[in-house]
Number of protein chains: 2
Amino acid sequence: MTAETPLIRQASEIAYESVDAADGLEKGVLLDETHGASNLALRRFTIAPGGSVPKHTNEIEHEQYVLAGEYTVGIEGEDGEVTEQTVSAGDAVHIPAGAVHWYQNDGDEEGAFICAVPLGDDEIALVE
Amino acid sequence: MTAETPLIRQASEIAYESVDAADGLEKGVLLDETHGASNLALRRFTIAPGGSVPKHTNEIEHEQYVLAGEYTVGIEGEDGEVTEQTVSAGDAVHIPAGAVHWYQNDGDEEGAFICAVPLGDDEIALVE
């Protein structure tokens, strides 16, 4: 570890940027390989009131922890069964690799969540 | 996925238990292989006011996000340099595999953090 890869990053150091193909979604990388991580990345996302993320798949699984707000998460399981429910602070969400999923924030508050993923290439595909 | 492995777990479903060898530390597993995770586990820890976790190492890296409280995290880097600082909500902490680390909550509030780890065996060793 060097001064370039501090082991502790303060909230104010995290940069956020808008995510393409979503409406009102911002992403900040907390930790990834550029900060010395070997196996997984930790990111924080915010979804503005009225914001949404269309149906899509990722190649890698997501494990999420809801920090704030009340928003809807939809996930298609392997058996085609759809789980769609409103989540709020403290809830945990598992999105298996390749599962179609989406988000919708119909609340008045910003939604926020932590999303942990394995390091490595990811391919995002929008679903019609 | 079956009814036994729901993709969304509500905060109220998470069970917490005390962690041996620490004082005032509780651990709740949000997601791991028993919930269908393939690569990583997500856990939530709380540290009571006055609580502490002695110097120890883990075989696997930890990536953490601070949820609440103000507590001290200490980490020895590969070069032997010690990072020790007070963290609060929104901060991110990377503890490399094998790095000696410790926690101390000298605040009046409960500390809480999310800790993501790769799945697989971990060995915890206390350091004299």
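Two strands are taken as paired if DSSP finds at least two bridges between them. In the predicted model described here, strand S1 (residues 8-9) of chain A meets this condition with S8(B), the two being joined in the antiparallel sense over two bridges. Within this pairing, A:Ile8 stands opposite B:Val93 in S8(B).

The fold of chain A consists of 11 strands and zero helices. Its elements follow one another along the sequence as β-β-β-β-β-β-β-β-β-β-β. The radius of gyration of chain A is 15 Å, close to the 14 Å that the globule rule gives for 128 residues, so chain A is as compact as a globular protein of that length. The C-alpha trace of chain A spans about 45 × 30 × 25 Å along its principal axes. Of the 128 residues in chain A, 34% are buried. When contacts in chain A between residues at least 6 apart in sequence are considered, 69% join residues at least 24 apart.

Strand S9 (residues 101-104) of chain A pairs with two other strands of the chain, S4 and S6. Strand S4 (residues 40-58) of chain A runs antiparallel to S9(A) and is joined to it by three bridges; here A:Ser52 stands opposite A:Gln104. Strand S6 (residues 70-76) of chain A is also antiparallel to S9(A), with four bridges between them, and A:Gly74 has A:Trp102 as its bridge partner. The side chains of S9(A) alternate along the strand.

A:Val87 is found in strand S7 (residues 82-88) of chain A. A:Val87 counts as buried because it has 23 C-beta neighbours inside 10 Å, where the cut-off is 20 or more. Leaving out residues up to four places away in sequence, A:Val87 touches A:Val66, A:Tyr71, A:Val73, A:Val93 and, from chain B, B:Ile8. A:Val66 is 21 residues from A:Val87 in sequence, and their C-alpha atoms are 7.2 Å apart.

B:Gly50, in strand S4 of chain B, is exposed because 12 other C-beta atoms lie within 10 Å, and a residue with 12 or fewer is classed in this way. Apart from neighbours within four places in sequence, B:Gly50 is in contact with B:Gly24 and B:Asn105. Between B:Gly50 and B:Asp23 there are 8.3 Å from C-alpha to C-alpha, with a separation of 27 residues in sequence.

At the interface, 36 residues of chain B are in contact with 36 residues of chain A. Several strands of chain B each supply at least two residues of the side that touches chain A, among them S1 (8-9), S4 (40-58), S8 (92-95) and S10 (111-118). By residue class, this side of chain B divides into 20 nonpolar, 10 polar and six charged residues.

The two chains are related by symmetry. Chain B is superposed on chain A by a rotation of 180° with 0.0 Å of shift along its axis, at an RMSD of 0.0 Å. This is the relation of a two-fold axis. The same surface serves both copies, as 100% of the contact residues of chain B recur in chain A. Among the residues of chain B, B:Ala116 comes closest to the rotation axis, with its C-alpha at 3.5 Å.

Definitions and conventions. Residues are numbered from 1 along each chain as its sequence is written. Chains are lettered from A and ligands numbered from 1 in the order in which they are written. This is a predicted model: local features need pLDDT of at least 70, side-chain atom pairs count only at pLDDT 80 or more; totals for chains, interfaces and linings use all residues. Two residues are in contact if their C-beta atoms, placed from the backbone, lie within 7 Å. Ala, Val, Leu, Ile, Met, Phe, Trp, Tyr, Cys and Pro count as nonpolar, Asp, Glu, Lys and Arg as charged, and the others, Gly among them, as polar. Copies are superposed by least squares on the C-alpha atoms of residues with pLDDT of at least 70 in both. The radius of gyration is taken over C-alpha atoms; the globule rule is 2.2 Å times the number of residues to the power 0.38.
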